[in-house]
Amino acid sequence: MAGATTRAVVAGPDEHGLGDALEAEGAAVTRIEAEVSASALEEAGIADADLLVLTDVEEATGIPVAKELNADVRVVTYADRSLPEFVAAVADLAVDPALLDAETVAEELLADGDA
């Protein structure tokens with residue numbers, strides 16, 4: 001991506017290393033280790049973020065909050081479990097780590113001109 005650095009907020013335990021893979025590809029990554037609340041999202045810079053990567057579907061209630069704070073943020077879940085139905089339509093992409101490794105997902109997310 002010439003010119004602009006993709007800003008990503010990674011929320012939840014990143015046991016598969018997607019945050020590190022995004023950083024290795026040149027993204028600026030901010031992490032939320034605690035509950036994904038409006039204040040945590042604001043503190044992490046969601047207003048200016050291109051991506052919200054959620055690694056814990058238990059924190060799925062943070063997805064509509066993030067979209068409220070930044071309607072243009074692309075929400076990606078990278079988790080072993082499916083999203084609850086009430087937020088599944090709000091997320092832009094759901095990826096199972098068993099199907100794609102973190103490096104491949106990071107490359108694809110950053111190769112897309114929309115990020």
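**A walk through the predicted model**

T55 is buried, with a relative accessible area of 12%, which places T55 below the 20% limit for a buried residue. The model described here is a predicted one. T55 sits in the loop that links β3 to α3. Setting aside residues within four places in sequence, the contacts of T55 are V10, A11, G12, P13, D14, Y78 and A79. There is also a polar contact at this position: a polar atom of the T55 side chain lies 2.6 Å from the backbone oxygen of P13.

The loop between β3 and α3 also holds E59. E59 has a relative accessibility of 19% and therefore counts as buried, the cut-off being under 20%. Outside the four places on either side in sequence, E59 touches E35, V36 and L54. E59 and V36 are 23 residues apart in sequence, yet their C-alpha atoms are 6.0 Å apart in space. A polar atom of the E59 side chain lies 3.0 Å from the backbone nitrogen of V36.

Another glutamate, E33, is found in the loop that runs between β2 (28-32) and α2 (38-44). E33 counts as exposed because its relative accessibility is 63%, and the limit for exposed is over 50%. Its C-alpha atom is separated by 12 Å from that of E43, which is 10 residues away along the chain.

The strands come next. Five of them form an open sheet in the order β2-β1-β3-β4-β5, and the pairing is parallel. β2 and β5 are the edge strands, each pairing on one side only. On average, neighbouring strands of the sheet are turned by 20° against each other, direction ignored. The parallel pairing of β1 with β2 extends over 5 bridges, and V29 in β2 is the bridge partner of A8. In general, the strands of a sheet pair through backbone hydrogen bonds, in either a parallel or an antiparallel sense.

Helix α5 packs on the sheet, where it touches β3, β4 and β5, and its direction makes about 170° with that of β4. Which residues of α5 (residues 102-111) are buried? They are A102, V105, A106, L109 and L110. Viewed down the axis of α5, the buried residues fall within an arc of 120°, so they line one face of the helix. These buried residues pack against α1 (18-24), β3, β4 (74-78) and β5 (93-95). The face of α5 turned away from the buried side carries E108 and A111, which are exposed.

The largest nonpolar core has 21 residues, of which V9, I32, L41, I46, L52, I63 and L83 touch the most other members. Two or more residues of this core come from each of β1 (7-11), α2, β3 (51-54) and α3 (62-69). With 3 residues, α2 gives the most to this core. For L83, the contacts beyond four places in sequence are V57, A60, I63, T77, A88 and A91. Apart from this core lies another, of 17 residues, including L18, L51, Y78 and L110.

Terms used: Residues are numbered from 1 along each chain as its sequence is written. This is a predicted model: local features need pLDDT of at least 70, side-chain atom pairs count only at pLDDT 80 or more; totals for chains, interfaces and linings use all residues. Side-chain values use heavy atoms; hydrogens and water are left out. Helices (H or I, at least four residues) and strands (E, at least two) are DSSP runs, numbered from the N terminus. Buried means under 20% relative accessible area, exposed over 50%, partly exposed in between (1.4 Å probe, protein chains only). A nonpolar core is a set of buried Ala, Val, Leu, Ile, Met, Phe, Trp, Tyr and Cys residues joined through side-chain atoms within 4.5 Å. Contact means heavy atoms within 4.5 Å. A polar contact is a pair of N or O atoms within 3.5 Å; within protein, one must be able to donate a hydrogen and the other to accept it, and residues adjacent in sequence count only if both atoms are side-chain atoms. The arc is that of the directions from the helix axis to the C-beta atoms. Two strands pair if DSSP finds at least two bridges between them. Axes are lines fitted to C-alpha atoms, for helices over the stretch in contact, and angles run from 0 to 180 degrees between N-to-C directions.
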